[in-house]
Amino acid sequence: MKATARAHTNIALIKYWGKRDEALILPTNNSLSLTLDGFYTTTTVEFREALTKDLFFLNEEPITGDQYERVTAFLDLIRSLKENTYGTIYAEVRSINKVPTAAGFASSASGFAALAAAGTRALGIDMSDAELSRLTRQGSGSACRSIFGGFAEWEKGERADGSDSYAVPIQPQDYWDIRVAAVVLNATMKKVSSRAGMKRTVETSPFFQSWVDSIPQDLEQIKTGIANRDFNQVGRIAEANCLKMHATTLGASPPFSYWHDTTMAVMDTIQQLRDNGVPAYFTIDAGPNVKVLYLPEHEKVVKETLQTIPGVTDVILSKPGRGITYI
Ligand code: DP6
């Protein structure tokens, strides 16, 4: 009744931004991501009859409050998949995050993917990758893409029950050595969570529908870019898609933005690098930190340039990562 799984986080090149069903976590648009090897969560789940409630430890610390509630709600979902005649059997969950929280990566992406994989395996539930992705989605949307390595697409699906909403692999980890620098800024934590931010955007931003309408073309073009290993095409579409997502937040009521002045300085520096002939592109999630896409031959110049920007505290480099592994 015990299993350990590891999942890597992913960075969206076409963003998931907006839900059509909040309880089931069903998105309004498809999204596309690259899984990263540098950032991951390793989780052990052990179901034990002697426990009277679930226990959750993150980096050896016992967790209570909202984070604990999200984990137990997800364990309930896993338990509901297994017929059992003895009543609820609780679990001890131990997660180790190799995702520096400050790096602005949703640790929930690797966290829920590892929890889904370890939890189902611990209960002896056999699942295909698609089924595991569909389950993981209900913990945190972006996490459903972390079941796969390399490039993955989350298909939003059409059905009201979410049965056709899960990620599919596009290209594996070793398909293309494209790199990502996580640029960590000296900025305070985000005030609006991605969950709250996308909800407010859906409900109030007049730009939201145009965002949704623009996705099919972005997806088609980025997939062509990936198929041709055309770095400039992939980078150009990813950067523009990120800017569009962030533009929707400015139209929300009340308006909000995830950017910090250093965020904009990094964006500006990347555009200058391109003017100087170095292909590099940025993308930003629901926080102030920036991720920069580049090719291995430009690693030195990209890293050195980013490190000199005032307000940048760290630059962490990553390659494409693998999908779920069991340990
Ligand atoms: C901006 O997956 O954190 O990073 O489904 O509510 O848990 P919930 O949201 P979450 O949102 C991620 C939003 C994003 C874009 C992306 O990863 O696609």
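Biologist: Which helix gives the largest share of the shell around the ligand?
Modeller: This is a predicted model, in which local features need pLDDT of at least 70, side-chain atom pairs count only at pLDDT 80 or more, and totals for chains, interfaces and linings use all residues. Residues are numbered from 1 along each chain as its sequence is written, and side-chain values use heavy atoms, with hydrogens and water left out. Helices (H or I, at least four residues) and strands (E, at least two) are DSSP runs, numbered from the N terminus. The largest share of the shell is 3 residues, and they come from residues 194-204, helix α4.

Biologist: How many residues surround the ligand?
Modeller: A residue is near a molecule if one of its heavy atoms lies within 4 Å of it. The closest are Y16, K19, S140, S142 and R195. The number of residues around the ligand is 17.

Biologist: How many residues of the shell around the ligand are charged?
Modeller: Asp, Glu, Lys and Arg count as charged; Ala, Val, Leu, Ile, Met, Phe, Trp, Tyr, Cys and Pro as nonpolar; the others, Gly among them, as polar. The shell has 7 nonpolar and 4 polar residues. Its charged residues number 6.

Biologist: How far is an oxygen atom of the ligand from an N or O atom in the side chain of Y16?
Modeller: A polar contact is a pair of N or O atoms within 3.5 Å; within protein, one must be able to donate a hydrogen and the other to accept it, and residues adjacent in sequence count only if both atoms are side-chain atoms. For K19, a polar side-chain atom lies 2.7 Å from an oxygen atom of the ligand. For D285, the distance from a side-chain N or O atom to a ligand oxygen is 3.5 Å. For Y16, it is 2.6 Å.

Biologist: What share of the area the ligand exposes alone does the protein bury?
Modeller: Accessible areas come from the Shrake-Rupley method with a 1.4 Å probe; for residues, only the protein chains shown count as cover. Taken alone, the ligand exposes 460 Å². The protein buries 96%.

Biologist: Is L36 buried or exposed?
Modeller: Buried means under 20% relative accessible area, exposed over 50%, partly exposed in between (1.4 Å probe, protein chains only). L36 sits in strand β4 (residues 31-47). Its relative accessible area is 0%, so L36 is buried.

Biologist: Which residue does the side chain of T42 join in a polar contact?
Modeller: T42 is also in strand β4. Its relative accessible area is 15%, so T42 is buried. A contact of 2.9 Å joins its side chain to that of R6.

Biologist: What is the angle between the planes of F256 and Y258?
Modeller: Rings of Phe, Tyr and Trp (its six-membered ring) pair if their centres lie within 6.5 Å; planes under 30 degrees apart count as stacked, over 60 as edge-to-face and the rest as tilted. The structure holds 6 aromatic pairs. F256 and Y258 form an edge-to-face pair, 5.5 Å centre to centre, with planes at 90°.

Biologist: Which residue forms one aromatic cluster with F256 and Y258?
Modeller: F256 is buried at 8% relative accessibility. Y258 is buried too, at 6%. The cluster they form also holds W17.

Biologist: Which peptide bond is cis?
Modeller: Look at the loop between α6 and α7 (261-275), where P254 is placed. Omega is near -5° for the bond from S253 to P254.

Biologist: Is R229 buried or partly exposed?
Modeller: R229 lies in the loop between α5 (208-227) and α6. Its phi is positive, about 45°, although R229 is not a glycine. Its relative accessible area is 44%, so R229 is partly exposed.

Biologist: What is the phi of I25 near?
Modeller: I25 lies in the loop between β2 (19-21) and β3 (26-27). At 3% relative accessibility, I25 is buried. Its phi is positive in a residue other than glycine, near 55°.
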